[in-house]
Amino acid sequence: MTEWLARGGHGFFIWSSYGMFALALVIEIVVLRRSRRSAIEQARAMRADSQAS
Amino acid sequence: MNWFRFASPASFYPIAGPLTAVFGWVAVALAVAGLYVGFVIAPTDAQQGESYRIIFIHVPAAWMAMLIYVVIAFWSLFSLTLNARLPAMMAQALAPTGAMFAFIALWTGAFWGRPTWGTYWVWDARLTSTLVLLFLYLGLIALRSAIDDPRRADRACALLALVGVVNVPIIYFSVRWWNTLHQGATISMTAAPKMAQTMLTAMLLMTFAAWSYAIATALHRVRTLIIEREALSDWVGRFIAESPAKAANDPAAAPRHGGV
């Protein structure tokens, strides 16, 4: 396993690349889901305000 | 079938939801297959050793960064000429994913350059023009957030996108026009592939995965934009009423004005 990860001495470069890509994907997906939730909540609040007035 | 029907946010929204899920899962399946071929089946490169395996994310990310910008310019042209809402939202929805891919292309390129060229960065034509692409994406996002009126922001961003698209052919042909450290085109339409069949297969699988991922994220983001921009329309109201409400802990759902 260690040898598989070492990638003939290039492990650091390969896993830094793949790791950052994975991190970027996770961040984008989390932000997407959060902004969708907050958009729905904001729309609810706006509608509640406009109906109340 | 009248395709223009889907040009209105109200009719596009319901089909975008299921499509997001489909493209998302297709991306996952293609990425698993691509990583399997790339790491288990493809052999070690004779010249570069193991480091070449960065190609499986570097090239797809770089292609997507360029392609997404061209698609943004296409939607921007639409939104300017037809003054339509949905194309502008599509352009807006693609920018963050394009920025992400541009950043990943630069990052993976740096970590590939170090073991093969001996440096993380050089001010070479290909690298510099790709950095400009990242700045164009960030510029689009910043310009958008600096203008409060969405329709004015649409027009300003569309103009910036159209002016900036000139950078894409510069990136693409930079390895031919200038003497660069970066290698030439990986895939050419006119010449036989210079890489092993399994390496090419893995790279193409990862490319289609990235493609599918970008479509899924853009559709997801466009739905959020539609809710934000059309919050007071009747159909968004119906959707919000139908969506699984967290009424108990949702302050917006509670009576806010003394139950009026």
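Is Ala146(B) buried or exposed? Ala146(B) counts as exposed because its relative accessibility is 60%; exposed means over 50% relative accessible area, buried under 20%, and partly exposed in between, with a 1.4 Å probe and protein chains only. The residue lies in helix H4 (residues 125–146) of chain B. The C-alpha atom of Ala146(B) is separated by 36 Å from that of Trp112(B), 34 residues away along the chain.

**Basis of the model**

This is a predicted model, in which local features need pLDDT of at least 70 and side-chain atom pairs count only at pLDDT 80 or more, while totals for chains, interfaces and linings use all residues. Residues are numbered from 1 along each chain as its sequence is written, chains are lettered from A and ligands numbered from 1 in the order in which they are written, and side-chain values use heavy atoms, with hydrogens and water left out.

The predictor assigns the complex an ipTM of 0.91 and a pTM of 0.89. Chain B has a mean pLDDT of 88, and 88% of its residues reach 70 or more; pLDDT is the predictor's confidence in each residue, from 0 to 100. In residues 246–260 of chain B the pLDDT is below 50, and this stretch has 14 contacts in the model beyond near neighbours in sequence. A contact means heavy atoms within 4.5 Å. Where pLDDT is low, the predicted coordinates should not be read in detail.

**Chain B as a whole**

Chain B contains eight helices and zero strands. Helices (H or I, at least four residues) and strands (E, at least two) are DSSP runs, numbered from the N terminus. Of the 260 residues of chain B, 46% count as buried. Among contacts in chain B with a separation of 6 or more, 75% are between residues 24 or more positions apart. Chain B exposes about 13100 Å², of which carbon and sulfur atoms supply 68%; accessible areas come from the Shrake-Rupley method with a 1.4 Å probe, and for residues only the protein chains shown count as cover.

**Nonpolar cores**

A nonpolar core is a set of buried Ala, Val, Leu, Ile, Met, Phe, Trp, Tyr and Cys residues joined through side-chain atoms within 4.5 Å. The largest one has 55 residues, and those with the most contacts inside it include Ile68(B), Phe101(B) and Tyr137(B). Elements that give two or more residues to this core include H2 of chain A and H1, H2 and H3 of chain B. H3(B) gives the most, with twelve residues. Leaving aside neighbours within four places in sequence, Phe101(B) is in contact with residues including Phe21(A), Met64(B), Ile68(B) and Tyr213(B). A second, separate core of 20 residues includes Ile40(A), Val222(B), Ile227(B) and Ile240(B).

Ile240(B) is also one of the buried residues in helix H8 (residues 234–242) of chain B, together with Trp235(B), Val236(B), Gly237(B) and Phe239(B). The cover over the buried residues of H8(B) includes H2 of chain A, and helix H1 (9–41) and helix H7 (197–229) of chain B.

**Salt bridges**

Side chains of opposite charge can pair when their charged atoms come close. A salt bridge is a side-chain nitrogen of Lys or Arg within 4 Å of a carboxyl oxygen of Asp or Glu. The structure holds seven salt bridges over all chains, among them the following.

| Salt bridge | N to O distance |
|---|---|
| Glu28(A) and Arg221(B) | 2.7 Å |
| Arg53(B) and Glu50(B) | 2.8 Å |
| Asp154(B) and Arg229(B) | 2.9 Å |

Asp154(B) lies in helix H5 and Arg229(B) in helix H7 of chain B, so this pair ties together parts that are 75 residues apart in sequence. Asp154(B) is buried, with a relative accessible area of 3%, whereas Arg229(B) is partly exposed at 25%.

**Backbone angles**

Most residues other than glycine have a negative phi. Arg7(A), however, has a positive phi near 50°. This residue lies in the loop between helix H1 (2–6) and helix H2 (11–52) of chain A. Asn83(B) also has a positive phi, of about 50°, and is found in the loop between helix H2 (55–82) and helix H3 (85–117) of chain B.
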